Amino acid sequence: MNKGRIIFLNGVTSSGKTSIVDALQEREDVFFYVVANDLFEQMVGDGYLRRDYWKYLSEVIIMMYHTAKLYSDMGKNVLIDGILVEREEIKPHYHQLLEILRDNPLDVVEVYCPPDICRQRNLRRQDRRETQSDEQAERMAKDIRYSLRVDTSIQSPAECADIILRQLFKQ
């Protein structure tokens, strides 16, 4: 059985990752299962997250990568909606991702949006701090090898989805 492709959409909050996921899932020509930091974070009780947020989040993120691997091993395409941050609790985060998925077809896509636009989006959302994207950018892993970059400040989610499929699936 052929392994499914894993596309990791990596970017700070409000960069447009989830909008791209939605655009990809609306398409008829390719199907993806989705795993996301936010969804896996919800698997941990609030009390545990308040007590030691990064400990529990780092554990569940690693489980998310194993889940993506399982789907890929079963021949299913997977989108990971996440951010590769480096903190003591999860170091070396990016290298752990690569190790877990070493035998699976993985592409990491940089979902870029200028900081000022992310701050505006954070304010409009009202469920993020204005500077949350800036804080995440400071913690993002620095040595990531990207397969592709999309810029949501100049491309719509649908255009980003088209670029991803055209470049990575040669459609």
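**A first look**

By the ring rule used here, the count comes to six aromatic pairs; rings of Phe, Tyr and Trp (its six-membered ring) pair if their centres lie within 6.5 Å, with planes under 30 degrees apart counted as stacked, over 60 as edge-to-face and the rest as tilted. This is a predicted model, in which local features need pLDDT of at least 70 and side-chain atom pairs count only at pLDDT 80 or more, while totals for chains, interfaces and linings use all residues. Residues are numbered from 1 along each chain as its sequence is written, and side-chain values use heavy atoms, with hydrogens and water left out.

**Aromatic rings**

- Phe31 and Tyr33 form an edge-to-face pair, 4.9 Å centre to centre with 90° between the planes.
- Phe31 counts as exposed because its relative accessibility is 53%, whereas Tyr33, at 33%, is partly exposed (buried means under 20% relative accessible area, exposed over 50%, partly exposed in between, with a 1.4 Å probe and protein chains only).
- Tyr53 and Trp54 are also edge-to-face, at 5.4 Å centre to centre and 90° between the planes.
- Tyr53 is partly exposed at 32%, while Trp54 counts as buried at 16%.
- Phe31, Tyr33 and Tyr71 form one aromatic cluster.

**The sheet**

- Five strands form an open sheet in the order 2-3-1-4-5, with parallel pairing (strands are DSSP runs of E, at least two residues, and helices are runs of H or I, at least four, numbered from the N terminus; two strands pair if DSSP finds at least two bridges between them).
- Its edge strands are strand 2 (33-36) and strand 5 (148-151), each pairing on one side only.
- Strand 1 (residues 6-10) and strand 4 (residues 106-112) pair in the parallel sense over five bridges, and Ile7 stands opposite Asp107 in strand 4.

**Helix 3**

- Just after helix 3, Gly75 takes a positive phi of about 85°.
- Ile61 is found in helix 3 and counts as buried because its relative accessibility is 2%.
- Leaving aside residues up to four places away in sequence, Ile61 touches Asn37, Ile90 and His93 (contact means heavy atoms within 4.5 Å).
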